[in-house]
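I opened this model to look up its pockets and its nonpolar packing. My entries follow.

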Amino acid sequence: MRTVDFSNVMYRYMQLAGLDRTAITAANYAQFRDLANNRLEQIWKNDYWPDLIRVSDPQTVSVDGNGVRTVAIPSDCGELLSVYDQNPRLTTRARLLKYFLYSSSTQDYVNLIDQTTPVYLEYKTKAPALFGDAYSASSTYSVGAQVYFDTSTNSGSFVPGSTASPAGNLYNCIVATSAGQSPVTTTTSWSKVEIPYFCGDYLARACLADFMRSEGQIEQAIVMENEAGK
């Protein structure tokens, strides 16, 4: 999937809002982050965008002692759409299979009626959650934490460096870190939060519309909302 850097969208928003992108405060950043998070949730809910749809690798069906046939749902699945006996992206002969869903305390499953294996799961990915603050080199991070980190400065600065291309993104901690273990120095401990490219311009303008509403500029917010949807 083609993606866009979070900082790229943030700078567009700052410019449209008349804010100084060379002096972004923690409050400016947090406001945009939260507005963008809400808008991303709406994007995911409102349609089945091709960029967000995945088909799993062939999944072997497990059969327990009672004959119950199950397949674990991928961890990045936000909404299961269909189950097939063949890859629907490779053949028009892929057959839809009957199933229902259930969950254990730790895992979501597909319970299959048809006696077919392997199977292919078609699903919409989970919407990214944006909540992290600036990365601190003196802090330790546990699994599940999130930070904002810019590779042009190798820090949590919201203002990019002048000697490298700005690339600020949010990163989820997937392995607990020690102080100084950043998304650059310890790449295996972090996973970048991916923002789909097609969302970029919409996010900048839609978030500006939300900002205008918060300032009581309702008419201007409506205009910007219309521009965002074009």
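**Pockets**

I started with the largest pocket, which has a volume of about 350 Å³. The model is predicted: local features need pLDDT of at least 70, side-chain atom pairs count only at pLDDT 80 or more, and totals for chains, interfaces and linings use all residues. Residues are numbered from 1 along each chain as its sequence is written, and side-chain values use heavy atoms, with hydrogens and water left out.

For the record, a pocket is an open set of points on a 1 Å grid over the protein atoms alone, where a 1.4 Å probe fits, with protein on both sides within 12 Å along at least five of seven lines; lining residues have an atom within 4 Å of a point. Points are joined across faces, edges and corners, and the volume is the space filled by probe spheres set on them.

I listed 17 lining residues for the largest pocket; Pro-128, Asn-172, Lys-192, Val-193 and Glu-194 are the closest to its centre. By class, I found 8 nonpolar, 5 polar and 4 charged residues in this lining. Here Ala, Val, Leu, Ile, Met, Phe, Trp, Tyr, Cys and Pro count as nonpolar, Asp, Glu, Lys and Arg as charged, and the others, Gly among them, as polar.

Next I took the second largest pocket, at about 220 Å³. Its lining has 15 residues, and Ile-73, Pro-74, Cys-77, Asp-108 and Lys-126 lie nearest its centre. Strands E5 (77-84), E6 (99-103) and E7 (108-112) each supply at least two lining residues. E5 gives the largest share, 4 residues. Strands (E, at least two residues) and helices (H or I, at least four) are DSSP runs, numbered from the N terminus.

**Cores**

Which residues touch the most other members of the largest nonpolar core? I got Met-10, Tyr-13, Tyr-29 and Phe-32, out of 33 residues. Helices H1 (6-16), H2 (26-46), H3 (200-214) and H4 (218-228) each give two or more residues to this core. H2 gives the most, 8 residues. Such a core joins buried Ala, Val, Leu, Ile, Met, Phe, Trp, Tyr and Cys residues through side-chain atoms within 4.5 Å. Buried means under 20% relative accessible area (1.4 Å probe, protein chains only).

I then checked Phe-32. Leaving out residues up to four places away in sequence, Phe-32 touches Phe-6, Val-9, Met-10, Tyr-13, Met-14 and Cys-207. Contact means heavy atoms within 4.5 Å.

**Helix H1**

I noted that Phe-6, Ser-7, Val-9, Met-10, Tyr-11, Tyr-13 and Met-14 are the buried residues of H1. Just after H1, Gly-18 takes a positive phi of about 75°.

How values were computed: Buried means under 20% relative accessible area, exposed over 50%, partly exposed in between (1.4 Å probe, protein chains only).
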